[in-house]
Amino acid sequence: MSRTRVALLVVVILILLGILLPSIVRSRARSDRINCQNHLRDLGLLGVRHASTPGKGLPDKPRDELPPGTFLNPSLPIEQRMSWYVYTLNLLNEGPPSPDPEAPHRQPLGLDKLLKEIDPVTAWNSPSNQPLANYRLAAAICPAQVRTYPPGQPVPTNYIACGGIGLDTPAKSLSDAAELAGAYRFNSATPNSAFKDGLQHTAQIIETTANVGPWLQGGPSTIRGLDPTATPYLGIGRPFGGCHPGAAYVAFADGSVRFVKDTIEPAIFRAMWTLAGGESDFEAP
């Protein structure tokens, strides 16, 4: 092949790449957003509303409360306990009690075996629970942030439960946290009756790329309060968001999932983080 033809072929390839690559990137971004939204629905609409202890059956109907922010074990410090994700594992493994025939359940590979070996009275990183901690729980990871995780090490999560206003608020009871209380706390469940601003206005799970930690570990790894001074709250390098350009997915307590812009007014964002609320509207595309 002559040099001229080679040069023409290179030009054609470059032109095609210039046309196709942006389309491929946009398609991948759309796919990541759809799958991220599905993960948060699996957790916020189904998982926490069908909370159950591994080894026990799923409830027949959705619960009228959110589970505690840690797998309750008074003999262990908060950060040695297993996280609220444990309450969702039966649902993620088995699917909902009344499955949607148009959305067949795909059982996570290998999770069933690990659930049979879990030790609920020991720490999240005890030898008996280490295999579960090292398990790549797809529902806990934003698809836009998927990477290769070193074998034999705990796998992190991008989805954090919302613990109210103030970094120490998740450790408080509902009565002590008062108007700063969020959807979750370390030591107790949250009944629907506590949501004074309505389930649809209260954030329960949000994505983040900041200080990610193991999905099985209790404490700040999986539930956090909002530092009201850390504005802006969303975006790359900020406390929350950073998984998708310009906005972050948030699961609300009614199970809905919305794409909230990084430019949301701080006062509205803070209101979303409390059971008391005060704002019923927020910025979303």
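**Strand β2 and the residues around it**

In strand β4, I205 is the bridge partner of A161. The structure is a predicted model, in which local features need pLDDT of at least 70 and side-chain atom pairs count only at pLDDT 80 or more, whereas totals for chains, interfaces and linings use all residues. Residues are numbered from 1 along each chain as its sequence is written, and side-chain values use heavy atoms, with hydrogens and water left out.

The chain contains six helices and seven strands. Helices (H or I, at least four residues) and strands (E, at least two) are DSSP runs numbered from the N terminus. Along the sequence these elements follow the pattern α-β-α-α-α-β-α-β-β-β-β-β-α. Of the 285 residues in the chain, 48% are buried, where buried means under 20% relative accessible area, exposed over 50%, and partly exposed in between (1.4 Å probe, protein chains only). The accessible surface of the chain is about 13,900 Å², and carbon and sulfur atoms account for 57% of this surface; areas were computed by the Shrake-Rupley method with a 1.4 Å probe, and for residues only the protein chains shown count as cover. Among contacts in the chain with a separation of 6 or more, 64% are between residues 24 or more positions apart, a contact being heavy atoms within 4.5 Å.

Strand β2 spans residues 159–165 and is mostly covered, with seven of its seven residues buried. Two strands are taken to pair if DSSP finds at least two bridges between them. With strand β4 (residues 203–207), β2 pairs in the antiparallel sense over three bridges. With strand β5 (residues 223–226), β2 runs parallel and is joined by three bridges. In β5, the residue opposite A161 is I223.

T222 is located in the loop between β4 and β5. T222 counts as buried because its relative accessibility is 0%. When neighbours within four places in sequence are left aside, T222 contacts S83, W84, Y85, T157, I160, A161, P214, W215 and Q217.

D227 lies in the loop between β5 and β6 (247–252). This residue has a relative accessibility of 27% and therefore counts as partly exposed. The C-alpha atoms of D227 and I165 are separated by 6.5 Å, although the two residues are 62 residues apart along the chain. With neighbours within four places in sequence again left aside, D227 is in contact with L167 and Y233. The side chains of D227 and T229 are joined by a polar contact of 2.8 Å. A polar contact is a pair of N or O atoms within 3.5 Å; within protein, one must be able to donate a hydrogen and the other to accept it, and residues adjacent in sequence count only if both atoms are side-chain atoms.
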